[in-house]
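I opened my notebook for a look through this model, and here is what I jotted down along the way.

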Amino acid sequence: MYDFALVFSVLHTHCEAPMALTREQIASIAVLARLDLTSSEIPVYQHSLSSILDFVGTLDAIDTASVVPMAHPLPGLSQRLRPDVVTETDRHEEYQQNAAQVAAGLYLVPKVIE
Amino acid sequence: MSDLHHNTLTQLAAGLRARRFSSVELVRAYIERIDGYQGALNAFISVTREQALRDAEAADRALAAGTAGALAGVPIAHKDIFCTQGVRTTCGSRMLDNFVSPYDATVVAKLRAAGAVMLGKTNMDEFAMGSSNETSYYGVVRNPWDPALVPGGSSGGSAAAVAARLVPGATATDTGGSIRQPAALCGITGFKPTYGRVSRYGMIAFASSLDQAGTLTASAADAALMLREMAGFDPNDSTSVERPVPDYVAALEQPLAGLKVGLLKEFFDKGLDPQNEARVREALRVYQGLGAQLSEVSLPHLPLSVPVYYVVAPAECSSNLARFDGVRFGHRCENPKDLGDLYRRSRGEGFGAEVKRRIMTGTYVLSAGYYDAYYLKAQRVRQLINADFIRAFEQVDVLIGPTTPTPAFALGAKTADPITMYLNDIYTIGANLAGLPAVSVPCGFVNDLPVGLQIVGPHFSEARVLAVAHAFQRATDWHTRTPPLVEAGR
């Protein structure tokens with residue numbers, strides 16, 4: 001029904017004329033993702049994200065109207081709960097050794113409210 | 001130079017128990033090899049010499065006292081994705097260049113409890129995102145069979161280290177083929193268990209519904225020995241499965257007569273290098289000779305694995321990697337002007353190009369207006385792929401096919417186009433999407449480069465899959481071949 005050749009051929013067709021994301025779209029994705037991009041990075045991601053989205057667009061051809069989305073590879077497994085008891089000890093000093101800036105047991109960041 | 005490194009992990013464990021050599025001797029011999037090949041292969045990010053020697057001394061005392069665990073004194077390496085208490089854990093990223101884990105991953109703790117001695121942390125693609133080990137902040141890893149070629153990825157350091165016999169076994173992780181693909185390209189055995197079989201606690205998350213820890217070793221028997229210690233329920237992993245762990249080593253010797261082997265029809269396509277295909281078909285004849293019944297099985301949706309994966313994995317990655325904010329751990333930019341600037345620049349500087357690409361892809365497919373079209377659509381097609389596997393396993397015991405379309409490729413050959421790189425995992429991703437156990441074993445050579453045979457089984461059939469791989473390794477000697485540099489002592 002579907003074969004790798006189909007995936008490859010769709011890929012090649014699309015790579016010639018990829019659905020183009022605009023510079024503005026890339027910039028707004030970067031804002032959502034909290035990533036600072038240089039101006040030279042934007043066209044690189046514009047091109048590669050457009051081809052990736054085209055590539056995954058091959059899925060549009062598949063009829064999935066009656067298919068339940070699969071969120072987890074082991075169906076039927078329910079979320080495990082545990083008794084509500086304290087099991088962790090306070091190790092914040094140890095954990096904060098990996099932080100760039102701490103004071104009085106608190107993580108420091110630039111001032112948020114003037 | 002000692003020749004202890006010609007032993008398998010199983011032989012070393014037995015030799016230590018019989019006191020034919022000490023763990024200290026063994027650790028010294030392997031560290032000498034690691035140091036000798038680091039310049040040529042770059043397989044390690046950190047080498048933990050002092051700790052390894054202390055642990056080896058303790059293992060020798062336990063062996064003398066008769067209190068030793070199953071892997072007492074056996075040297076191993078951990079992929080640098082596993083948190084190791086007091087030891088730098090980088091995940092191959094500048095983001096975690098200065099991160100010293102305050103705790104051990106469950107896999108690390110379990111292997112230590114069994115007596116295994118960690119020699120160091122192996123190189124890997126940044127945050128396990130890559131198929132060639134070229135995205136590591138710590139430089140490319142080279143393939144021991146030919147240093148101009150990639151070792152595969154993302155567990156390229158673990159694979160190269162085991163192939164060059166710098167360590168007899170290493171841990172690794174597999175999200176889309178990151179154990180099996182480098183195993184195939186480096187000529188060793190790479191095993192990915194069922195999703196949930198081995199704890200993900202302390203294994204830095206990439207795509208949580210796909211990530212699974214496993215092994216890179218010289219043989220399936222070695223994989224069974226390591227897996228027996230690594231597997232099992234862990235309350236610290238919410239998707240860890242509560243099921244008893246079988247004795248994988250005891251289950252290795254199963255006769256294959258009557259075993260129903262399915263040839264994955266879709267894998268024998270024109271994307272498959274004809275010489276790779278020839279090696280795989282020769283391997284199938286070996287199975288026939290062992291009494292297995294071969295039939296062709298079609299999984300019609302399987303070719304859609306790669307596009308499904310490149311929605312699901314980036315989506316989960318963009319969510320998991322949100323934790324790297326420059327505040328609590330990891331890289332922090334200089335002189336942030338406000339909190340937003342701190343987040344954006346710390347992440348922009350800390351992550352490499354491929355990681356950023358996947359975070360942005362994931363952010364896009366999860367964003368308002370696109371979630372249904374991309375993410376839900378992919379999860380629906382994933383269900384169809386899973387259903388194909390379920391139907392196939394009603395007919396056959398295991399599915400067999402190639403691990404990769406080609407042998408190892410040149411460094412730099414596929415870095416220009418991400419999708420060309422992604423298509424390396426075309427035969428391995430299906431097992432991740434469906435959460436199935438799968439192994440790659442060496443099955444011959446093309447132009448002096450190793451080729452991998454992939455065996456996939458139903459959920460929790462680890463013992464069967466390893467036994468099927470082991471039977472092949474009893475009948476052939478491909479897994480005993482080592483790269484010329486190991487023989488030459490170079």
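Entry 1: I began with B:Thr189 and looked up its bridge partner in strand E6 of chain B, which is B:Thr217. This is a predicted model, so I am reading it as such. Strand E5 (residues 189-192) of chain B pairs with E6(B) in the antiparallel sense, over three bridges. I then turned to strand E4 (residues 169-174) of chain B, which also runs antiparallel to E6(B) and pairs with it over six bridges. Here I noted B:Thr171, whose bridge partner in E6(B) is B:Thr215.

**Entry 2: buried or exposed?** I wanted to know how E6(B) sits in the structure. Six of the six residues of this strand (residues 212-217) are buried, so E6(B) is largely enclosed by the rest of the structure. I checked the two faces separately. On one side I found B:Gln212, B:Gly214 and B:Leu216, and on the other B:Ala213, B:Thr215 and B:Thr217, all buried.

**Entry 3: chain B as a whole.** I stepped back and counted 16 helices and 11 strands in chain B. Its radius of gyration is 21 Å, close to the 23 Å that the globule rule gives for 490 residues, so chain B is as compact as a globular protein of that length. Along the principal axes, its C-alpha atoms fill a box of roughly 65 × 55 × 45 Å. I also noted that 63% of the 490 residues of chain B count as buried. For contacts in chain B between residues at least 6 apart in sequence, 76% join residues at least 24 apart.

**Entry 4: the core.** The largest nonpolar core has 173 residues, and B:Val117, B:Leu119, B:Ala161 and B:Ala224 are among those with the most contacts inside it. Helix H9 (residues 305-320) of chain B supplies the largest share of this core, nine residues. Leaving aside neighbours within four places in sequence, its contacts include B:Val27, B:Tyr30, B:Ile31, B:Pro75 and B:Val167.

**Entry 5: where the chains meet.** How many residues of chain A are in contact with chain B? I found 49, and they touch 63 residues of chain B. Helices H1 (4-16), H2 (23-32), H3 (41-56) and H4 (92-95) of chain A each supply at least two residues of the side that touches chain B. H3(A) gives the most to that side, with seven residues. By class, I logged 35 nonpolar, seven polar and seven charged residues on the side of chain A that touches chain B.

Technical notes:
Residues numbered from 1 in each chain as written. Chains lettered and ligands numbered in written order. Predicted model: local features only at pLDDT ≥ 70, side-chain atom pairs only at ≥ 80, totals over all residues. Buried ≥ 20, exposed ≤ 12 C-beta atoms within 10 Å, placed from the backbone. Helix = DSSP H or I, 4+ residues; strand = E, 2+ residues; numbered from the N terminus. Pairing = 2+ DSSP bridges. Contact = placed C-beta atoms within 7 Å. Nonpolar A, V, L, I, M, F, W, Y, C, P; charged D, E, K, R; others polar. Rg over C-alpha atoms; globule rule 2.2 N^0.38 Å. Core = buried A, V, L, I, M, F, W, Y, C linked by C-beta atoms within 7 Å.
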